[in-house]
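Hello,

Here is the structure we discussed handing over.

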Amino acid sequence: MSDSGRSTYYHDPYAALRVRNYRDFMIGGFLSLFGRQAVSIAIGWQIYEWTNSATALGLMGLINVIPLIALSLPAGLLADRCDRKRIISLGAVGAAVCSLVLGLLALGHDWMPHWAPLDWGNRVLLRIALVFEKQVGSGGLNFTDPELPLIYLVLFIQAVIRMLTWPARASILPLLLPKEKLSNAIMWNSTTFETATVAGPALGGFIVAWFGFASVYFLDAAIGLLFFVLLLRVRYLNKPEPAKEGRSLWTMLAGAQFIWRKKAILGASTLDLFAVLLGAITELLPVFAKEILHVGPIGLGWLRAAPSIGAVSMALWQAHRRPFRRPGAAMLWAVGGFGAAIVTFGLSKNYALSLAALLLTGVCDNVSVVVRQSLIQLLTPDHLRGRVTGVNQVFIGSSNEIGALRGGIMVALLGPVAAVTLGGAGTVVVVLLVAWLVPDLRRLKPLNTLKPEE
């Protein structure tokens with residue numbers, strides 16, 4: 001066959017990385033997430049070392065959930081009305097200041113005075129802990145460090161800043177690079193996210209062990225300022241389209257209305273929501289490691305890392321291949337595979353098989369995330385993208401917490417094997433229902449052909 005008769009299609013796996021705007025933003029975002037993951041390990045370790053209380057760790061989750069539920073929709077409207085790069089820049093500086101304060105509090109552990117408001121805050125925290133835990137005194141609960149209430153306050157401020165900036169961060173990509181490179185950028189975003197999720201906690205633990213808690217917080221503060229500097233170099237390639245609607249409740253809910261009209265996005269978001277809600281098993285892994293697979297902390301560490309390893313591997317593979325010709329069908333198969341892998345893990349008593357099942361969950365989850373995020377970015381007009389992202393964050397983010405609660409309750413009622421197996425089977429049932437009820441998702445055209453309001 002002559003050269004003219006051959007396909008001339010060429011897929012550049014590094015297309016997005018060749019755009020300096022995106023490259024600077026991605027590097028800054030990766031470092032920012034890396035620092036946040038390191039801080040999450042350090043702050044959890046520090047609080048538990050001070051208090052010897054599991055409830056104190058649970059309160060950290062509550063601190064993150066409250067801004068998620070309360071601010072996702074307003075943050076989406078903020079991203080659509082204001083300059084997204086400015087929102088992200090201010091958030092980077094604010095988060096850096098918070099980490100700096102955490103570092104100073106860690107250094108001041110021995111000289112912080114016992115002011116009355118701080119002692120009152122510790123008494124409140126102790127009373128909350130005593131609802132669930134009964135051990136007080138030597139070797140038991142210890143809520144006496146005056147810095148503790150201040151740490152919770154700083155963590156809450158950080159969570160507010162993170163939630164106010166997240167829709168802007170998630171919706172700025174289409175403004176930074178050509179449309180045909182957007183799916184490639186989303187794949188690289190997924191790769192860096194999973195890499196930071198694995199490497200951040202590992203390095204955070206190492207730094208704490210060798211240099212102390214304050215070093216992690218100061219490192220994160222420096223990273224936040226570096227992200228701010230990198231953002232100064234970022235320029236919009238495509239002109240933003242700020243929202244022009246008047247201020248009202250319906251304006252804030254416009255993202256939800258758009259998702260309801262765009263059945264492909266609705267179907268993709270529904271799949272992701274129920275996959276997380278029914279298939280969340282991260283919090284249950286210690287139970288399986290100890291009671292069923294009979295492995296120690298190192299074995300548990302590999303179980304925790306396996307989904308991220310699978311996701312990174314899949315993201316790199318996707319980056320080096322052509323985009324899916326039928327992305328909706330690929331997502332349906334991926335979420336179905338995720339559910340099947342969860343069932344396999346639940347039934348497995350072999351460590352190698354369990355690891356393989358968790359690797360497969362990461363592979364399938366990456367396909368689902370890339371397709372869903374691509375649909376939101378490609379099908380949503382710019383003036384609505386922040387609000388659509390905010391609505392999506394409410395459902396996906398809250399489903400993580402509710403999924404962890406579901407898993408814990410079902411383990412208590414039915415045992416770990418039944419809890420995980422039924423969750424995975426439920427995910428497969430949801431896939432079948434969505435495939436039947438949302439034909440727009442099954443029939444979706446290639447991602448590189450999609451346009452807003454198509």
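Subject: salt bridges and a buried asparagine

R20 is partly exposed, at a relative accessible area of 38% (buried is under 20% relative accessible area, exposed over 50%, partly exposed in between; 1.4 Å probe, protein chains only). The model is predicted, so local features need pLDDT of at least 70 and side-chain atom pairs count only at pLDDT 80 or more, while totals for chains, interfaces and linings use all residues. Residues are numbered from 1 along each chain as its sequence is written, and side-chain values use heavy atoms, with hydrogens and water left out.

**Salt bridges**

A salt bridge here is a side-chain nitrogen of Lys or Arg within 4 Å of a carboxyl oxygen of Asp or Glu. By that rule there are five salt bridges. Side chains of opposite charge can pair when their charged atoms come close.

R20, D24 and R233 form a network of salt bridges. Within it, the D24 and R20 side chains meet at 3.7 Å, N to O. These two residues are four apart in helix α1 (residues 20–51), which means that about one helical turn separates them. Helices (H or I, at least four residues) and strands (E, at least two) are DSSP runs, numbered from the N terminus.

The other salt bridge of D24 is to R233, at 2.9 Å, N to O. This pair links distant parts of the chain, with R233 in helix α7 (residues 213–233) and D24 in helix α1, 209 residues apart. As for accessibility, D24 is buried at 6%, whereas R233 is partly exposed at 37%.

D80 and R84 also meet in a salt bridge, at 3.0 Å, N to O. D80 has a relative accessibility of 2% and counts as buried; R84, at 4%, is buried too.

**N366**

Which helix holds N366? N366 sits in helix α14 (residues 351–379). Its relative accessibility is 1%, so N366 counts as buried.

A polar atom of the N366 side chain lies 3.4 Å from the backbone nitrogen of A315. A polar contact is defined as a pair of N or O atoms within 3.5 Å; within protein, one must be able to donate a hydrogen and the other to accept it, and residues adjacent in sequence count only if both atoms are side-chain atoms.

Setting aside neighbours within four places in sequence, N366 is in contact (heavy atoms within 4.5 Å) with S190, A311, M314, A315 and Q318.

Regards
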